Amino acid sequence: MSCSSGSGQGRSDDFSVFVLASDLGIDARPFLDQHNNNEHDEEEEDQWHDCSNEDFSDLESLQILRVAGFDKSSNRILRIVGKYFPAPVVSAERLKKYVFQKIVNELPEGPFCVVYMHSTVHKEDNSPGMTILRWIYEGLPSIVKDRLQVVYFVHPGLRSRLVLATLGRFFLSGGVYWKIKYISRLQYLWEYVRKEEIEVPEFVKDHDDVLENRPLTDYGIEPDPMHLSEIPAMAGSYSFGRHEDRWASREYTT
């Protein structure tokens with residue numbers, strides 16, 4: 001909401017007011033910092049690649065970010081494997097510098113896409129948080145944001161879908177919200193990317209097989225959480241959990 005105030009000399013000052021409900025659990029800092037960020041956009045575009053000489057060999061060895069081939073629309077692929085990211089030990093600032101260096105050195109020009117593999121990601125161990133991701137994205141020059149054509153979100157969980165559906169439009173600016181394609185199975189990814197253009201980790205393939213056999217897990221429902229159906233039948237006359245068998249076998253004395 002924008003308001004204007006005027007003085008006797010005809011001077012007017014514009015200001016903005018953002019009203020956020022306190023019980024939504026939303027970090028308001030991205031909204032409050034937006035004005036200051038706009039003031040420094042030009043400065044950031046000049047300095048965003050200053051980290052290009054910093055050593056990120058430790059993160060490179062984890063293969064969190066890898067530049068692959070091309071999708072079927074001729075966009076260069078930036079593959080991101082969420083499970084490989086050690087969130088508790090990598091600061092937001094260092095992650096931001098690493099992403100910037102990767103783009104500067106390996107994606108300097110031309111359209112590109114992101115294939116993000118969310119398979120078996122745990123929030124506490126592998127997720128830096130939506131606020132940090134937004135902060136990193138907003139730090140990119142506008143020309144880089146325009147070059148990003150699509151984000152293929154592989155194996156999105158129910159929670160991820162709900163968060164992006166409810167808060168994504170507020171936190172993901174610059175049109176990136178509308179660039180996300182949810183890919184529930186690898187077979188649907190091949191509609192956009194040829195198999196030979198990207199390497200898929202084995203655990204991602206295994207997770208895809210689990211989802212194929214237990215489709216309810218897409219919706220946060222695990223029909224056999226203890227995997228009891230995989231336990232072989234016991235030989236003999238003993239059974240577990242059947243109280244009537246135990247009571248029937250007792251002898252009572254009078």
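Let's start with a word we'll need: a residue is called buried when its relative accessible area is under 20%, exposed when that value is over 50%, and partly exposed in between, using a 1.4 Å probe and protein chains only.

Hi everyone! What you see above is a predicted model, so local features need a pLDDT of at least 70 and side-chain atom pairs count only at pLDDT 80 or more, while totals for chains, interfaces and linings use all residues. Residues are numbered from 1 along each chain as its sequence is written, and side-chain values use heavy atoms, with hydrogens and water left out.

First, the overall picture. Of its 254 residues, 32% are buried.

Is Asn75 buried or exposed? Its relative accessibility is 7%, so Asn75 counts as buried. You can find Asn75 in the loop between β3 (65–70) and β4 (76–81). Leaving aside residues up to four places away in sequence, Asn75 touches Gly69, Phe70, Pro111, Phe112, Cys113 and Gln149; contact here means heavy atoms within 4.5 Å.

Next, the nonpolar cores. Such a core is a set of buried Ala, Val, Leu, Ile, Met, Phe, Trp, Tyr and Cys residues joined through side-chain atoms within 4.5 Å. The largest one has 31 residues, and Val99, Val114 and Leu148 touch the most other members. At least two residues of this core come from each of β3, α5 (92–106), β5, α7 (130–138) and β6 (148–154). The biggest contributor is α5, with five residues. Take a look at Val114: among its contacts beyond four places in sequence are Leu78, Ile80 and Tyr152. There is also a second, separate core of 17 residues, including Val81 and Ile198.

Last stop, helix α11. Residues 202–213 form this helix of twelve residues, and from first C-alpha to last it reaches 17 Å, close to the 16 Å expected at 1.5 Å a residue; that expected span is 1.5 Å times one less than the number of residues. Which residues of α11 are buried? They are Val204, Asp208 and Leu211. Because they cover an arc of only 60 degrees around the axis, they sit on the same side of α11; the arc is taken from the directions from the helix axis to the C-beta atoms. Turned away from that buried side is the face with the exposed residues Glu202 and Asn213. As for what covers the buried residues of α11, β5 (112–117) and α10 (186–189) are included.

Key:
Helix = DSSP H or I, 4+ residues; strand = E, 2+ residues; numbered from the N terminus.
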